Amino acid sequence: MSVARFWREQQNRYNFVGTKCGSCGRFFFPPREICTDCRRKSLGKMENEKLSGSGKIVSYTIVHDAPDAFKAQVPYMMAIVELDEGPRITGQIVNYPQPDNDQDIMIGRKVNSVFRKISADGKSGIIHYGYKFKLID
Ligand SMILES: [Zn+2]
């Protein structure tokens with residue numbers, strides 16, 4: 001992957017830019033170059049489109065055991081969020097209620113994306129950023 005393409009993809013990730021199929025209108029995030037619904041028909045018709053970054057929780061899990069870089073944050077909630085435009089993406093819920101709450105209450109809850117530090121590499125000092133989600137109701 002070229003450096004230019006890498007940065008373009010990073011920027012798209014931060015700004016919630018996905019692609020929309022010119023034929024069927026389906027949204028993709030992360031961006032795709034080919035629509036999985038109409039495939040060949042839509043080749044060359046994918047357009048960049050900024051997504052709202054809001055959606056609802058369709059599934060989630062409480063993480064109790066994480067890789068070293070994320071250990072300080074456990075337990076935390078990872079959710080599959082269905083964005084208003086349709087794509088489903090996985091992200092951390094930054095303000096989840098205590099894990100002993102009734103779990104079913106979480107399904108269908110509205111969330112907004114927030115831009116947060118994902119991890120920091122202690123040796124290099126590099127800090128990685130990306131999206132997470134925040135409960136809004
Ligand atoms: Zn399509």
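Trainee: Which residue in β6 does Met 77 stand opposite?

Mentor: Two strands pair if DSSP finds at least two bridges between them. Strands are DSSP runs of E, at least two residues, numbered from the N terminus. Here Met 77 stands opposite Ile 93 in β6. Strand β5 (residues 76–83) and strand β6 (residues 88–93) run antiparallel, joined by 6 bridges. The model is predicted: local features need pLDDT of at least 70, side-chain atom pairs count only at pLDDT 80 or more, and totals for chains, interfaces and linings use all residues. Residues are numbered from 1 along each chain as its sequence is written.

Trainee: How many residues lie between β5 and β6 in the hairpin?

Mentor: The hairpin has 4 residues between its strands. Gly 86 sits in that turn, with a positive phi of about 120 degrees.

Trainee: In which sense do β4 and β5 pair?

Mentor: Antiparallel, over 8 bridges. Ile 57 stands opposite Val 81 in β5. Strand β4 (residues 54–63) is also joined to strand β7 (residues 110–120) by 3 bridges, and these two run antiparallel. There, Lys 56 stands opposite Lys 110.

Trainee: What is the order of elements in the chain from the N terminus on?

Mentor: Helices are DSSP runs of H or I, at least four residues. The chain has 1 helix and 8 strands. The order is α-β-β-β-β-β-β-β-β.

Trainee: What share of the 137 residues is buried?

Mentor: A buried residue has 20 or more other C-beta atoms within 10 Å of its own, with C-beta atoms placed from the backbone. Buried residues make up 20% of the chain.

Conventions: Buried ≥ 20, exposed ≤ 12 C-beta atoms within 10 Å, placed from the backbone.
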